[in-house]
Amino acid sequence: MLWKGLINSILEKGIMRNLSLIIFLFFALKIQGQTEFEAQKNFIKIKDILTTENSSKNLITKLNSLKLTFKDQINNNVYDFLNRDIDFGYNHKRIRVIFDIWQYQIDIITKNDSIYLKSIKTEYFKKYSYSSIDENELKGYLLKRNTFYQSHKMIKQLLQEISLNETFAMRCGDGLPYTKEGLKIKSFVDEEDIESLKILLSNFNCEKQAFAVEGFSMLSKNEVEIPNECNILIKHIIERNAELQICSGCITGLVEKIYE
């Protein structure tokens, strides 16, 4: 009888433990479903504005108007985060939107306020993304840019690289360890890999270009000869002096022009 009672007690505890786990999972999934619904709902609202608006100024105005529909005006925000020259009269603008704790990244390419590339993505739910490209307009831009950078970039690469959320920093964080990209640049320099650095120079992402410039600077300090075609691009990137997302010490997400 004692053994029977002990077995029953263990089984009952096991059932209760499993029941508690099932209840916990049920509510966790329910909460996740609710939060994903909010993220999706706001994504659709932002996408509706982005798909119909072809003026960068009007886009910001409409996003700010959407922000006013939220009761919480402190934690819901629209940030005009980046606005930088990407050559031949075209600009890359990045807008960060935070609605109901979810962050959305909007990237657009403009010329004279007209939008020719649109992209939106979310940080937590990768499936909620959207992009639109005016290929007829941007083919001319690509042709000029490929000629100047001696590259072979395609429309697909333009979208991928322009929407990359990169921070320019060779070192960042407590104790200033090398960043992942910083280590890559250091390895290129150690191996005197000029070709890999040259490829980075032609990247649409301005932070990637800045990493390449830094790599060539390190090579120069090591008295490695830099090809003239690379020096021309380096000079151009420095003179253009586009805004960059940077890390300073332990503070990341700052926006500055790094060339004086």
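A cavity here is a set of points, on a 1 Å grid over the protein atoms alone, where a 1.4 Å probe fits but cannot get out, and lining residues have an atom within 4 Å of a point. The model is predicted, with local features needing pLDDT of at least 70 and side-chain atom pairs counting only at pLDDT 80 or more, while totals for chains, interfaces and linings use all residues. Residues are numbered from 1 along each chain as its sequence is written, and side-chain values use heavy atoms, without hydrogens and water.

Let us start inside. The count comes to one cavity of 30 Å³ or more. Around the largest cavity sit C206, A210, I237, R240, A242, L244 and Y259.

Now to the open side: a pocket is an open set with protein on both sides within 12 Å along at least five of seven lines. The lining of the largest pocket includes R96, Y104, K121, F125 and N165. Strands β3 (102-111) and β4 (114-122) are the elements that give two or more residues to this lining, and β3 gives the most, with three.

The table sets out volumes (the space filled by probe spheres set on points joined across faces, edges and corners) and classes (Ala, Val, Leu, Ile, Met, Phe, Trp, Tyr, Cys and Pro nonpolar; Asp, Glu, Lys and Arg charged; the others, Gly among them, polar).

| Space | Volume | Lining residues by class |
|---|---|---|
| Largest pocket | about 270 Å³ | three nonpolar, five polar, four charged residues |
| Largest cavity | about 30 Å³ | six nonpolar, no polar, one charged residues |

Terms used: Helix = DSSP H or I, 4+ residues; strand = E, 2+ residues; numbered from the N terminus.
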